[in-house]
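Me: Hi! Could you help me look through the aromatic contacts in this one?
Reply: Happy to, let's open it up.

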Amino acid sequence: MKNLKKNSANNFQSDFKAKKSLGQNFLHAPQVISAMVHAGEISKESTVLEIGPGKGVLTEKLLLTEANIIAIEKDDRAISFLKEKFDKEIKNGKLKLIHGDILEFDEIELEKYIIIANIPYYITGEFMRKFLETENQPERIVVTLQKEVAKRIVDKKESILSISVKAYGNPRYLMTVPKKFFRPMPNVDSAVLIIDNISKKFFTDSKIDEKSFFEILKAGFAHKRKVLIRNLEEKIPKKTLEMIWGREGISKNIRAENVTLEMWKRIVGESFLS
């Protein structure tokens, strides 16, 4: 019976090909997986949310931490395999396997959870918004992203994405993951990104409304060829902007990509006070 179960799992693994429609690229790099688990700073009391476990390679490593693992898998082909592979862990309650879409998952009832995952590239933006903007934020996020996207998030040359992430936490570039470590091999290299100290303190401490902040932020990046003060005239009166620029000593030639998170806080905060 044990051999039959093993053969069934092996056959499934050999036949289980990535679905392009789901953005699947399976990670096959033990050293990267170990680094991701280590970066999660997981304890036995932790709850870890894994997204798209696929063949369960990362799941295996996560289970060794003895934490409580919740794995959400959208691909119905993988569900029966994962149920068979992790039958014991599911029965003893160390692994909860959910068949569903992470973007539709309700994280509200989770307590002090950590996200560790190899996410599909195409959901990066929605994934970040969902778990950074939620009222029930994770303590830490460790994910693989496209290398250029991860670099853009930690870069000093800012973007809407980088400022959005930095408003909620501290992003760190952990390591580059060459494309050869994935099956099928994608067209670009990836990277492991860590986001620590996730909270809404940036907004609560400065008493800035999240929605208003992002509306002004998007306006600032709306036209790349324009300087920031001209872009913001669509949202903030010109006289108010000139007053803020003068008070804060901001160059009138500055562009959105050169404005730090701290400067954005002052600009948006001053615009509400004026």
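**Aromatic contacts**

Reply: A place to begin: Tyr168 and Phe214 are both buried. Keep in mind that this is a predicted model.

Me: How are the rings of Tyr168 and Phe214 arranged?
Reply: The pair is stacked, because the ring planes of Tyr168 and Phe214 are at 20°, with the centres 6.1 Å apart.

Me: And which parts of the chain does that pair tie together?
Reply: Tyr168 is in the loop between α8 (160–166) and β7 (170–177), while Phe214 belongs to helix α10 (residues 210–220), so the contact joins parts 46 residues apart in sequence.

Me: OK, what about Phe202 and Phe213, what kind of pair do they make?
Reply: An edge-to-face one: the planes of Phe202 and Phe213 are at 75° and the ring centres are 5.3 Å apart. Phe202 sits in helix α9 (residues 201–206) and Phe213 in helix α10, 11 residues apart.

Me: Which residues form the aromatic cluster?
Reply: Tyr168, Phe202, Phe203, Phe213 and Phe214 make up one cluster.

Me: How many aromatic pairs does the structure hold?
Reply: There are 10 aromatic pairs in the structure.

Me: Switching topic to charges: where does the charged end of Lys130 sit?
Reply: Over the ring of Phe131, at 5.5 Å from the ring centre.

Technical notes:
Residues numbered from 1 in each chain as written. Predicted model: local features only at pLDDT ≥ 70, side-chain atom pairs only at ≥ 80, totals over all residues. Heavy atoms only, no water. Phe/Tyr/Trp six-rings, centres within 6.5 Å; stacked < 30°, edge-to-face > 60°. Helix = DSSP H or I, 4+ residues; strand = E, 2+ residues; numbered from the N terminus. Buried < 20%, exposed > 50% of the residue type's maximum accessible area, 1.4 Å probe, protein only. Lys NZ or Arg CZ within 6 Å of the ring centre and 35° of its normal.
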